[in-house]
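Please read the numbered points with the sequence and the coordinates to hand.

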There are 2 protein chains.
Amino acid sequence: MAKRVGRYTMAYESLPSVVGTYSVAGSKEGQGPLGKKFDLIVEDSYYGEKTWEKAESKFQRTAVKKGLEKIGSDKSQYDLVFAGDLLNQCTGSCYGLLEHDIPYCGLFTACATVAQGLVLSGMAIDGGFVNRAITIASSHFCTAERQFRMPLEYGGQRAPTAQWTVTGSGAYFVSGQEKSTVRLAHGTFGKMVDYEVTDTTNMGAVMAPAFCDTLENYFHDTNTGVEDVDLIVSGDLGKCGYDLVCELCAGDGFDIRPKYQDCGLLVFDRERQDVHAGGSGCGCSGIVVASEIYPRIASGELKNVLFVGTGALFSPMSGMQGENIIGIAHLVHLQHVAN
Amino acid sequence: MAKRVGRYTMAYESLPSVVGTYSVAGSKEGQGPLGKKFDLIVEDSYYGEKTWEKAESKFQRTAVKKGLEKIGSDKSQYDLVFAGDLLNQCTGSCYGLLEHDIPYCGLFTACATVAQGLVLSGMAIDGGFVNRAITIASSHFCTAERQFRMPLEYGGQRAPTAQWTVTGSGAYFVSGQEKSTVRLAHGTFGKMVDYEVTDTTNMGAVMAPAFCDTLENYFHDTNTGVEDVDLIVSGDLGKCGYDLVCELCAGDGFDIRPKYQDCGLLVFDRERQDVHAGGSGCGCSGIVVASEIYPRIASGELKNVLFVGTGALFSPMSGMQGENIIGIAHLVHLQHVAN
């Protein structure tokens, strides 16, 4: 099998195993439809810390620590961690992971971080460069609101297109040594896409075109289509992004709807939880893929899943300086392989 | 040759070629000792744009565009770009590289970005996952000061340990298809190191221990030492960090001084240019390795060079919340191979 497939896609010949995942979720996420599936629910938004930022770091710290316990491994077995978050200078990750003492590769691709980390983990392991790697990302509603929009104390009105940043962290343990039934089969890095959206309360519109671009590149490279997979799951497009994706795909001549779900729609009950367009943030796909999608692949219920992490690249300053918000999406093909 | 060497180091069996580099430097950098070596010097700190942030993006855009012209290649030949900068949410990179339309892998490891990108490029190419990859990073004195310290208009007094953020961007073009005399031979990802430094005007003290940790891990893994290389070059430790490194290495039983230089000391003339402890920023190693170190390896004057990119992980908010500043360093072994 060639490692390079078409213009954009990489095939992982050895099919590295995702040997386990761990999800730490916040209180609101715990009350949502997936509440019973998370490994740990933290009721206190401060997680016993003095600030929300320190709490976010603790979400990552806990996800790695308890995840290693869950899979019966040890940090000394892991050669590398790919990590990122939404905070300025990715401080959620660095302070969160410091004590674990694992070589650290910092990422920033906004909410596409988990997918980007899994694509890189596949390369690192399939290439034989590391034995085992962790991918982790986090987000926190309270840190994201005050950094990107308004301090919560301001009590601003939310737009109907706005999404609710998920409080949580998901960790993924990938190994070239141990085998599991969940494998990394392909990875496709996305290009940045600019649809000239400037509304920071409509991330779905920013990211939907990037999602379609990457997905269609993958289909073209691998000569496959919607019919060849069991599920396509986007990171955090929410209701607006979901509808846009269905429209854009229809315009490109295929119907994605029968196979398509979005982590931002899975994580909350929009009727009951007042989250407007749905969930978002690095932690959204982080906890949803770890707790809801992964077990269904592990059991064989789903054989081929395309997880497309979606990100919106901007900062409050770039917005004030009149820049558009840029979309990006990275795809990882997760495959069930019977042991 | 095994791809995994010891606990921390990766060997690139195929020795991917760095087929070219391009450096775009600011005015002050142009007046420094390396002024004649930069590919392009931009006198206007705004680079014709409305804001310094847009200017920083233009530095990256130009480095990739003109770099591709310099090496006689084309963006369609490049499968991936690893990019990062110091701005919140890495907006220097995303707005800079958008128009190039190359799959984008965003990084954040502060000033260690170029080294991290080269280590990842080595993996991507040696693993056979991409044919060619670009690594790029940037920094800008004016964007960094207002983001991390004070707006320039405030006219704050600078501490003697403070460094001057380099305005510039360096691009590195790595290929598994074409051959050059400059090769990626090894990569070592660093661990985060906390020496409990909280002084945001003394980055040398934060990063020096991380530099030593990664360098010693590399020496241990490859069973080599100072005597086996021609040059060890750190990213931006400045005078304080340089002296600390010499002390720490002496304490660990070896004398690094005869082989050791620092990009932060090479880029400015400390006597003449009022930069206090020296240069810093992603762009510092970015332009110095591209314009000063790379040609000396290409010509064969230097056969084995260890480039150790150094980064300080923190944000203004993490500082205000009482966190220490975390150091990190990633190492790439650049080797001259006669064609």
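1. Conventions. This is a predicted model, in which local features need pLDDT of at least 70 and side-chain atom pairs count only at pLDDT 80 or more, while totals for chains, interfaces and linings use all residues. Residues are numbered from 1 along each chain as its sequence is written, chains are lettered from A and ligands numbered from 1 in the order in which they are written, and side-chain values use heavy atoms, with hydrogens and water left out.

2. Extent of the interface. Chain A contributes 68 residues to the contact and chain B likewise 68 residues, where contact means heavy atoms within 4.5 Å. The size of an interface is often given as the accessible area lost when the parts come together. Here chain A and chain B bury about 5200 Å² between them, and 62% of this lies on carbon and sulfur atoms; buried area is the accessible area (1.4 Å probe) that two parts lose on being put together, summed over both.

3. Polar and charged pairs across the interface. Between chain B and chain A there are 33 residue pairs in polar contact, both residues being at pLDDT 80 or more. A polar contact is a pair of N or O atoms within 3.5 Å; within protein, one must be able to donate a hydrogen and the other to accept it, and residues adjacent in sequence count only if both atoms are side-chain atoms. Eight salt bridges are counted between the two chains, a salt bridge being a side-chain nitrogen of Lys or Arg within 4 Å of a carboxyl oxygen of Asp or Glu. One salt bridge brings together the side chains of A:K54 and B:E323, at 3.4 Å from N to O.

4. Composition of the chain B side. Which element gives the most to the side of chain B that touches chain A? Helix α4 (residues 113-126) of chain B does, with six residues; helices (H or I, at least four residues) and strands (E, at least two) are DSSP runs, numbered from the N terminus. The residues on this side comprise 36 nonpolar, 19 polar and 13 charged. In this division, Ala, Val, Leu, Ile, Met, Phe, Trp, Tyr, Cys and Pro count as nonpolar, Asp, Glu, Lys and Arg as charged, and the others, Gly among them, as polar.

5. Strand β9 of chain A. Strand β9 (residues 168-175) of chain A is largely enclosed by the rest of the structure, because eight of its eight residues are buried. Buried means under 20% relative accessible area, exposed over 50%, and partly exposed in between (1.4 Å probe, protein chains only). In a regular strand the side chains alternate between the two faces of the sheet. In β9(A), the residues A:G168, A:G170, A:Y172 and A:V174 point one way and A:S169, A:A171, A:F173 and A:S175 the other way, and all are buried.

6. Partners of β9(A). Strand β3 (residues 17-26) of chain A pairs with β9(A) in the antiparallel sense over eight bridges; two strands pair if DSSP finds at least two bridges between them. Within this pairing, A:G20 stands opposite A:F173. Strand β7 (residues 132-139) of chain A also pairs antiparallel with β9(A), over eight bridges, and A:A133 has A:V174 as its bridge partner.

7. Strand β3 of chain B. Nine of the ten residues of strand β3 (residues 17-26) of chain B are buried. This strand runs antiparallel to strand β9 (residues 168-175) of chain B over eight bridges, with B:V18 bridged to B:V174. Strand β4 (residues 40-42) of chain B is parallel to β3(B) and joined to it by three bridges, where B:A25 faces B:I41.

8. Selected salt bridges. Over all chains the structure holds 36 salt bridges. A:D79 pairs with B:R4, their closest N and O atoms being 3.8 Å apart; A:D79 lies in the loop between α2 (52-70) and β5 (80-85) of chain A and B:R4 in strand β1 (residues 4-5) of chain B, so the pair joins two chains. Both A:D79 and B:R4 are buried. Within chain A, A:E178 forms a salt bridge with A:R132 at 2.8 Å between the closest N and O atoms. A:E178 is partly exposed at 36% relative accessibility, whereas A:R132 is buried at 10%.
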